[in-house]
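Dear colleague,

I am pleased to hand over the structure below for your use.

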Amino acid sequence: MHDADLAHERDYVAGLYARLDELRAEKRAQLAQVRRAGAVGTMQNVSERDAFAALYEDRLAQLDAVDDRLVFGRLDLDSGEEQYIGRIGLTTEDLQRLMVDWRAPEAGHFYQATAFDRQGVRRRRHLILQGRTVKAIEDDVLDAGMLADNDSLQGEGALLAALNSKRTGRMSDIVGTIQSEQDRIIRSSISGALVVQGGPGTGKTAVALHRAAYLLYTHRERLKTAGVLLVGPSSSFMNYIERVLPSLGETGVVMASVGRLMPGITTVAEPESDVAAVKGRLDMADVVANAVANRQRTPPADRILEVDGRKLVLTPRQVRRARDRARATGKPHNEARVSFVKMLLRELTEQMTELVEAGNIGNNADRSYLAEDVRSARDVRIALNLCWMPMTPEKLIDELLSKPAILEACTPNLTPAERALLLRPAGAPWTESDVPLLDEAAELLGELDAAAGRGLAQQESDRARDLANAKQTLVNMETAGVDVLITAEELMDQNQERETRLTAAERATTDRSWAFGHIVVDEAQELSPMQWRLLVRRCPLKSFTIVGDIAQTSSVAGANSWQSALAPMFGDRWQLEELTVNYRTPSQIAEAAARMATAAGLVVSAPKAVREGRWDPVIDRVDADQIVSRLVEVLPEELAAIEGGLLAVIADGPLLPAAGKALREVYGRRVGTGAGSYAQDIVVISPREAKGLEFDGVVVLEPTAMLNHEHGRVGDLYVAMTRPTQRLRLIAAAGVPAGIED
Ligand SMILES: Nc1ncnc2c1ncn2[C@@H]1O[C@H](COP(=O)(O)OP(=O)(O)OP(=O)(O)O)[C@@H](O)[C@H]1O
């Protein structure tokens, strides 16, 4: 019976792939036709042809991206209907449904139905594919009545197969095996802030990515113009996850690490965690505001300005009045400067006119040229700039952090020690924790070239023009013999969508005022209050998915509780969901990590591990000068245990370079160190770099150093111990942390 079922599924799945190929061929033919039509010159212009080509290219790219594990499930419903669930929706030519997109509402039953709450499902079938062939099927029979005539019940096999597979250094999607507690979160409402708390390995990152894909599918209208931003802790983490969304057929998500959120600025990690903590405090917003106000100065005494051999006087009172009026406009510094300058120039021109007229009584010549003389006089330009200097965010923050006098003037609430932490050489590289300061400055300074945005009337006339172009394009296409099944409005919207999608990604790097429709934040516990402030500015609707684990916080600027982290930006308007099952780490290792963390005083939500491992954690006790040599000695054993999988050596401080050097001597280019090296099979990294990643085997060097490190947090060791999917080894000289000594 099982064989018959398998044969049936193979036939069906072959049919799905045949349909996919057919659609691809169709789109390819349409694309070729458009290109040919363009080449013979019947197009109105090249951009119209390109617009049509882009439409087909997009569809083709989506169809190409879903080849791997195209279909993964089938539901047998009480109604007798059978529904296949896959990466995209497919229909026959005459619109009979062949496969349902996993994000469609009816596909939710595939992930949520249980024997207690069947939701009209009699049987859920997992299809496990190898290439395009069904290799195995596994059934969850939810309706007891079916059990009698069915002997192919195989429970959680698909999940376990996925979990036991070797890691590649890149995350893959979990669309075929999403579990019900995860699915509930993925499909929850878009409005407001949703916090997903979960211990290590509970699928928080996976859930965050699938949720982004779900939201784009379900709220396409709303999100196509605004876009979704996905924020992660580091660029190595972004590399790790970057393939997941394309594999789900989504390319409309802008992905950025927290250090990349200020357009045009590249950053390094903040080397000192104490510095990060001060820069991350919310009162830094006041410091930046003070720095801006500090650039709006009143001269201490009258200033004499020479214009064409005449002497004008600029008084502190005049400057103060102009400053107050300019501030009262409520505009940012650079834009308010226009009012300030205009007012003072008017007053100085009046003075100049009086002086000129005093020497030419009775002569009523036109004196309008005087305004230009005053405006362009060197003395005037210098004086006005000194009173209200046009500023870029980079210059403002660089000077704030490098000039002790400015720093002191702008930080009345900081202690001298805190000020000393902030001080750095002029022109020093920007760090991740400078980004929120730069962003705050950009907000308060405004555009240097305060060009007005496009007016409504302009937008309307643009739309009318686009529509006329789209109609003409369709006429041209039909004349050229292309079978056009689309209206002019659809074509125009499609083009605008494409434009905006490109623009959403582009504008994330060029326009800091872009407002996203939704923001997904991963490893959110690491964010400082100032980073939160920046993110909320990027999504004024406050539509957020926030995932993280408070117990894994390693940044000193990060959060101790969701309540304290979110209250300043969200008040109590956020909802908490929890993930409770650990899919990554075998139970022996997960329990050891939780015991260690609890003994060290950390409150952990220790999730239940979904599987047992083959090994308990291995602990080696050695002398301090033997840590690295022991590592080299045991590495062959560790590599053999994980049979060609990925191995990470996690260390901190001087041990990190020492381990990298020693291993490279033996294993050469197989060893990668630092960000971007996850293509290698042996990786030597710090706990911070390991955050969010996973490996088949992990060796932790000197665990107590991660606990007792001056700025370290228990979270660092907890992160390190919860990275493996198979095996964990600790090499310890300075004692074994409480909770795991045997
Ligand atoms: N439903 C699932 N089906 C298959 N694999 C899953 C499922 N849920 C999670 N996983 C796998 O478990 C591992 C851990 O997931 P993920 O990295 O998303 O967890 P996390 O909660 O972000 O972990 P951490 O906080 O420790 O970084 C990944 O390999 C992921 O693919």
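This is a predicted model: local features need pLDDT of at least 70, side-chain atom pairs count only at pLDDT 80 or more; totals for chains, interfaces and linings use all residues.

The ligand and its shell

The ligand is surrounded by 24 residues, and the closest are Thr-177, Lys-204, Arg-584, Glu-694 and Arg-723. An N or O atom in the side chain of Arg-723 lies 2.7 Å from an oxygen atom of the ligand. For the side chain of Thr-205, the corresponding distance from an N or O atom to a ligand oxygen is 2.9 Å. Thr-202 takes part through its backbone, where an N or O atom is 3.1 Å from an oxygen atom of the ligand. On its own the ligand has 630 Å² of accessible area, and the protein covers 97% of it. By residue class, the shell divides into 8 nonpolar, 10 polar and 6 charged residues.

The annotated binding site

The unreviewed UniProt entry carries the annotation "binding site" for Gly-198, Gly-199, Pro-200, Gly-201, Thr-202, Gly-203, Lys-204 and Thr-205. Three of these positions are described here in turn.

Gly-201 sits in the loop that joins β7 (193-198) to α7 (204-218). Its relative accessibility is 11%, under the 20% limit, and Gly-201 therefore counts as buried. Setting aside neighbours within four places in sequence, Gly-201 is in contact with Val-581, Asn-582, Tyr-583 and Arg-584. Arg-584 is also one of the residues closest to the ligand.

Lys-204 belongs to helix α7. With a relative accessible area of 8%, Lys-204 is buried. The side chain of Lys-204 reaches the backbone oxygen of Gly-198 at 2.9 Å. Beyond its neighbours within four places in sequence, the contacts of Lys-204 include Val-196, Gln-197, Gly-198 and Gly-199, together with Val-547, Gly-548, Asp-549, Gln-552 and Leu-579.

Thr-205 is likewise found in helix α7. At 10% relative accessibility, Thr-205 is buried as well. Apart from neighbours within four places in sequence, Thr-205 is in contact with Met-171, Phe-237, Ile-241 and Asp-522.

Pro-233

Pro-233 is placed in the loop between β8 (228-232) and α9 (235-241). A relative accessible area of 16% falls under 20%, so Pro-233 is buried. Leaving out neighbours within four places in sequence, Pro-233 is in contact with Ser-257, Val-258, Glu-432, Asp-522 and Glu-523.

Helix α23

Which residues of α23 are buried? They are Met-530, Gln-531, Trp-532, Leu-534, Leu-535, Val-536 and Arg-538. The helix, residues 529-538, is mostly covered, with 7 of its 10 residues buried.

Yours sincerely

Terms used. Residues are numbered from 1 along each chain as its sequence is written. Side-chain values use heavy atoms; hydrogens and water are left out. UniProt positions are given in the numbering used here, feature names are shortened, and annotations may be inferred rather than shown by experiment. Helices (H or I, at least four residues) and strands (E, at least two) are DSSP runs, numbered from the N terminus. Buried means under 20% relative accessible area, exposed over 50%, partly exposed in between (1.4 Å probe, protein chains only). Contact means heavy atoms within 4.5 Å. A polar contact is a pair of N or O atoms within 3.5 Å; within protein, one must be able to donate a hydrogen and the other to accept it, and residues adjacent in sequence count only if both atoms are side-chain atoms. A residue is near a molecule or strand if one of its heavy atoms lies within 4 Å of it. Accessible areas come from the Shrake-Rupley method with a 1.4 Å probe; for residues, only the protein chains shown count as cover. Ala, Val, Leu, Ile, Met, Phe, Trp, Tyr, Cys and Pro count as nonpolar, Asp, Glu, Lys and Arg as charged, and the others, Gly among them, as polar.
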